[in-house]
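I am opening a notebook on this structure. The entries below follow the order in which I looked things up.

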Amino acid sequence: MKRAAAVGAGALLALAAVAVSSAEEAPGTGAGAGAGTGGETEKRTVPDFLGLGLWRVFTRLDRRTRLDVHDVSGRDRRVLWPSRWQVCTQYPEAGAGLDRRTTVMIGVVRRGETCPPRVRTARR
């Protein structure tokens, strides 16, 4: 029963991610955009995610962007439901260039928790 629930939840998340990424794809960033030039992908920048919900990260970044999300509370929890987490740290910082080789690293805590002091002082 637990396995069926986990598989169902995973399928639901996958469908939601596909629906959001296809519905909010910006003009000029589609599959045929910038064909042959490569200049379009070089001009993207990283938005400021600090203090926002993790779901905003998934909706604002292109679906092809490499993303590393981890719990910075020190409890080493799995980050499963994006709507239940808020962003404490991000690297690279807001406004930095974003290309297809860049991995965006996001540190999160559960909603309602505060970012740990060691993380707040090292925020990027």
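**Entry 1: a charged pair.** I started with Asp 71 and Arg 77, whose side chains meet in a salt bridge at 3.0 Å, N to O. The model is a predicted one, and I read every distance here with that in mind. I looked up the accessibility of both partners. Asp 71 has a relative accessible area of 12%, and the limit for buried is under 20%, so Asp 71 counts as buried. Arg 77, at 22%, is partly exposed.

**Entry 2: the next pair.** I then turned to Glu 113 and Arg 75, and found their side chains in a salt bridge of 3.2 Å, N to O. Glu 113 sits in the loop between β5 and α4 (117-121), while Arg 75 sits in the loop between β2 and β3, so this pair ties together parts 38 residues apart in sequence. Glu 113 is partly exposed, with a relative accessibility of 23%. Arg 75 is exposed, at 54%. I asked myself which residues are linked in a network of salt bridges. The members are Asp 71, Arg 75, Arg 77 and Glu 113.

**Entry 3: the salt bridge count.** How many salt bridges does the count come to? I noted five. One of the salt bridges I looked up joins the side chains of Arg 64 and Asp 62, at 2.8 Å from N to O. Arg 64 is exposed, with a relative accessible area of 53%, whereas Asp 62 is buried, at 17%.

Entry 4: I moved on to the strands. Three of them form an open sheet in the order β2-β5-β3, and the pairing is mixed. I noted that β2 (66-71) and β3 are the edge strands, each with a single partner, so one side of each has no neighbour in the sheet. Neighbouring strands of this sheet are turned by 30 degrees against each other on average, direction ignored.

**Entry 5: β3 and its partner.** Strand β3 covers residues 85-91. I found six bridges joining β3 to β5 (residues 103-110), and the two strands run antiparallel. I looked up two bridge partners in β5. For Val 87 the partner is Val 108, and for Trp 85 the partner is Arg 110. I also checked burial along the strand. Six of the seven residues of β3 are buried, so the strand is largely enclosed by the rest of the structure.

**Entry 6: the nonpolar cores.** Which residues make up the largest nonpolar core? I listed eleven: Val 46, Phe 49, Leu 54, Val 57, Leu 61, Trp 85, Val 87, Leu 98, Val 104, Ile 106 and Val 108. The elements that give two or more residues to this core are α3 (54-60), β3 and β5. The largest share, three residues, comes from β5. Apart from this core lies another of five residues, including Val 72, Cys 88, Val 109 and Cys 115.

Entry 7: I looked at Val 46, a member of the eleven-residue core. Leaving out residues up to four places away in sequence, Val 46 touches Gln 90, Pro 92, Glu 93, Ala 94, Gly 95, Ala 96, Gly 97 and Leu 98. Then I checked Cys 88, which lies in strand β3. Is Cys 88 buried or exposed? Cys 88 is buried, with a relative accessible area of 0%. I also took the separation of the C-alpha atoms of Cys 88 and Arg 110, which is 10.0 Å for two residues 22 apart along the chain.

Note on methods: Residues are numbered from 1 along each chain as its sequence is written. This is a predicted model: local features need pLDDT of at least 70, side-chain atom pairs count only at pLDDT 80 or more; totals for chains, interfaces and linings use all residues. Side-chain values use heavy atoms; hydrogens and water are left out. Buried means under 20% relative accessible area, exposed over 50%, partly exposed in between (1.4 Å probe, protein chains only). Helices (H or I, at least four residues) and strands (E, at least two) are DSSP runs, numbered from the N terminus. Two strands pair if DSSP finds at least two bridges between them. Axes are lines fitted to C-alpha atoms, for helices over the stretch in contact, and angles run from 0 to 180 degrees between N-to-C directions. A salt bridge is a side-chain nitrogen of Lys or Arg within 4 Å of a carboxyl oxygen of Asp or Glu. A nonpolar core is a set of buried Ala, Val, Leu, Ile, Met, Phe, Trp, Tyr and Cys residues joined through side-chain atoms within 4.5 Å. Contact means heavy atoms within 4.5 Å.
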